Amino acid sequence: MDLQLTGKRALVTGSTSGIGWATARELAAEGAHVIVNGRDPVRLADAVERIQAEVPDATIDGVQADLSSAAGCQRLLEAAGDVDILVNNLGIFEPKAFELISDEDWRRFFEVNVLSGVRLSRHHLPRMKARGWGRIVFISSESGICPPAEMVHYGMTKSAQLSVSRGLAETCVGTGVTVNAVLPGPTRTEGVGEFFATLAREAGQTLAEAEHDFFKVARPTSLLQRFIEPAEVAAMVTYVCSPRSAATNGAALRVEGGVVRTLI
């Protein structure tokens, strides 16, 4: 299927690894001009090089900016210019008991996971409407509808993204612009891999044993019973970014391996 993305300009935040990198790579493979973003210049350069190596004819730019502040978001907006596609992928997570989550933790998670996407969308949405076409995608999580007891602050931000996404879509009636959210389940990202490697060492287990126990105990409703690969999420995101997805607007699209037991 031709996703008709040739010539479109796409910005993917937090895209030096994981779902963000996989999405940037997939968009590039479909012909989009992709802007990769990260806060570490070395990791950013490496991400751009890896996409270029896998997609030799890709048009890739990298913009170093820390989106945990308004100033960082402004830096990215000025460097990236206008885009047709905005993927608000940046996100942090941290398992922590509710009683230990400080006010500063709550603010930091909201600033990074929610306000980064709000600030960028506030800038790009009116410009997309003026041009008569655009795609904004928020990378939320199944944690947004099934709040995790082990990181309540993270779940809160993912629920907030769903509300923002749907609310923005309501402003796009008849404009040719869509705003959607994609909800991955447990995904084999770099951060998740490091977290489970630590758990395995502490428990005297192999990594495979730790993963098996996680799905058996913490995510027993998963139909996959394995971690989702970033490329599997990126495939959905890339479709939602395309002209082919014009009839999908204001949606919360689950790519969570069947963790959420619901009919719709």
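1. Basis. The model is predicted, so local features need pLDDT of at least 70 and side-chain atom pairs count only at pLDDT 80 or more, while totals for chains, interfaces and linings use all residues. Residues are numbered from 1 along each chain as its sequence is written, and side-chain values use heavy atoms, with hydrogens and water left out.

2. Strand β2. Strand β2 covers residues 33–38, and six of its six residues are buried. Here buried means under 20% relative accessible area, exposed over 50%, and partly exposed in between, with a 1.4 Å probe and protein chains only. Strands (E, at least two residues) and helices (H or I, at least four) are DSSP runs, numbered from the N terminus. In a regular strand the side chains alternate between the two faces of the sheet. In β2, one side carries His33, Ile35 and Asn37 and the other Val34, Val36 and Gly38, and both faces are covered.

3. Strand β4. Which residues of β4 point one way, and which the other? Ile85 and Val87 point one way, Leu86 and Asn88 the other, and all are buried. The strand spans residues 85–88.

4. Strand pairing. Two strands pair if DSSP finds at least two bridges between them. Strand β1 pairs with β2 in the parallel sense over four bridges, and Arg9 has His33 as its bridge partner in β2. β1 also runs parallel to β4, with three bridges joining them; Val12 stands opposite Val87 of β4. β4 in turn pairs with β5 (residues 134–139), again in the parallel sense and over four bridges. There, Asn88 has Phe138 of β5 as its bridge partner.

5. Ser242. This residue lies in the loop between α8 (230–240) and β7 (252–255). Is Ser242 buried or exposed? Ser242 counts as buried because its relative accessibility is 0%. A polar atom of the Ser242 side chain lies 2.7 Å from the backbone oxygen of Tyr239. A polar contact is a pair of N or O atoms within 3.5 Å; within protein, one must be able to donate a hydrogen and the other to accept it, and residues adjacent in sequence count only if both atoms are side-chain atoms. With neighbours within four places in sequence left aside, Ser242 is in contact with Leu3, Leu5, Trp133 and Arg135, where contact means heavy atoms within 4.5 Å.

6. Positive phi. Most residues other than glycine have a negative phi. Gln4, in the segment before β1 (9–12), has a positive phi near 60°. Gln225 has a positive phi of about 55° and is not a glycine; Gln225 is found in the loop between α7 (207–218) and α8. Gln4 is partly exposed, at a relative accessible area of 38%, and Gln225 is partly exposed at 39%.

7. A search of the whole structure finds 17 salt bridges, a salt bridge being a side-chain nitrogen of Lys or Arg within 4 Å of a carboxyl oxygen of Asp or Glu. One of them joins Asp46 and Arg50, with the closest N and O atoms 3.0 Å apart. Both residues lie in helix α2 (residues 41–54), four residues apart, or about one turn of the helix. Asp46 is partly exposed at a relative accessible area of 36%, and Arg50 is partly exposed at 31%.

8. Salt-bridge network. Which residues are linked in a network of salt bridges? They are Glu94, Lys96, Asp105 and Arg108. Lys96 meets Glu94 at 3.8 Å, N to O, and Asp105 with the closest N and O atoms 2.9 Å apart. Lys96 counts as partly exposed because its relative accessible area is 22%, and Glu94 is partly exposed at 23%. Asp105, in contrast, is buried at 8%.

9. Nonpolar surface patch. Phe93, Phe195 and Leu199 form this patch, with about 220 Å² of accessible area together. Patches are made of residues with over 30% relative accessible area and no salt bridge; like charges are joined within 9 Å, and nonpolar side chains (Val, Leu, Ile, Met, Phe, Trp, Tyr) within 5 Å. Accessible areas come from the Shrake-Rupley method with a 1.4 Å probe, and for residues only the protein chains shown count as cover. Phe195 lies in helix α6 (residues 190–203) and, at 31% relative accessibility, counts as partly exposed.
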